[in-house]
Amino acid sequence: MSDLEKNHMNTVCAIPASCLTIDQIDAITHAWLDLCAIKEHFDAPDEFLGVGAEELLVACEGSIEELEQEFPFLLEEV
């Protein structure tokens with residue numbers, strides 16, 4: 001594990017027993033990025049208005065908010 005990865009792990013883990021692995025951090029980050037892209041798609045001027053689109057937008061927004069609250073590193077600029 002590189003020093004950069006170790007430093008990143010230290011900022012993510014408050015308690016050693018609950019530390020996230022690099023793969024877990026990547027999975028969380030990728031899910032968050034996917035949700036942000038979907039939200040951006042729904043927020044676009046030519047937004048998709050198919051069946052269930054509004055519910056999907058609300059679900060994406062809620063999931064994004066939850067991920068950002070639980071994993072503040074997602075909001076850090078790299």
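## A first contact point

Leaving aside residues up to four places away in sequence, Ile 28 touches Leu 20, Leu 67, Phe 71, Phe 73 and Leu 74, where contact means heavy atoms within 4.5 Å.

This is a predicted model, in which local features need pLDDT of at least 70 and side-chain atom pairs count only at pLDDT 80 or more, while totals for chains, interfaces and linings use all residues. Residues are numbered from 1 along each chain as its sequence is written, and side-chain values use heavy atoms, with hydrogens and water left out.

## How confident is the prediction?

The predictor's confidence in each residue is the pLDDT, which runs from 0 to 100. For the protein chain its mean is 76, and 72% of the residues reach 70 or more. Helices here are DSSP runs (H or I, at least four residues), numbered from the N terminus, and strands are E runs of at least two.

Let's start with helix α2 (residues 22–43): its 22 residues reach 31 Å from first C-alpha to last, close to the 32 Å expected at 1.5 Å a residue. That expected span is 1.5 Å times one less than the number of residues. In α2, Ile 25, Ile 28, Trp 32, Leu 35 and Phe 42 are buried; buried means under 20% relative accessible area, exposed over 50%, and partly exposed in between (1.4 Å probe, protein chains only). The buried residues of α2 fall within an arc of 120 degrees seen down its axis, so they line one face of the helix. This arc is taken from the directions from the helix axis to the C-beta atoms. On the other side of α2, Asp 23 and Glu 40 are exposed.

In α3, the buried residues are Ala 53, Leu 57, Cys 60, Ile 64 and Leu 67. Because they cover an arc of only 100 degrees around the axis, they sit on the same side of α3. These buried residues pack against α2, whereas Glu 55, Glu 66, Gln 69 and Glu 70 are exposed on the other side of α3.

The largest nonpolar core has 10 residues in all, among them Leu 20, Trp 32, Cys 60 and Phe 73. Such a core is a set of buried Ala, Val, Leu, Ile, Met, Phe, Trp, Tyr and Cys residues joined through side-chain atoms within 4.5 Å. Its largest share, 4 residues, comes from α2.
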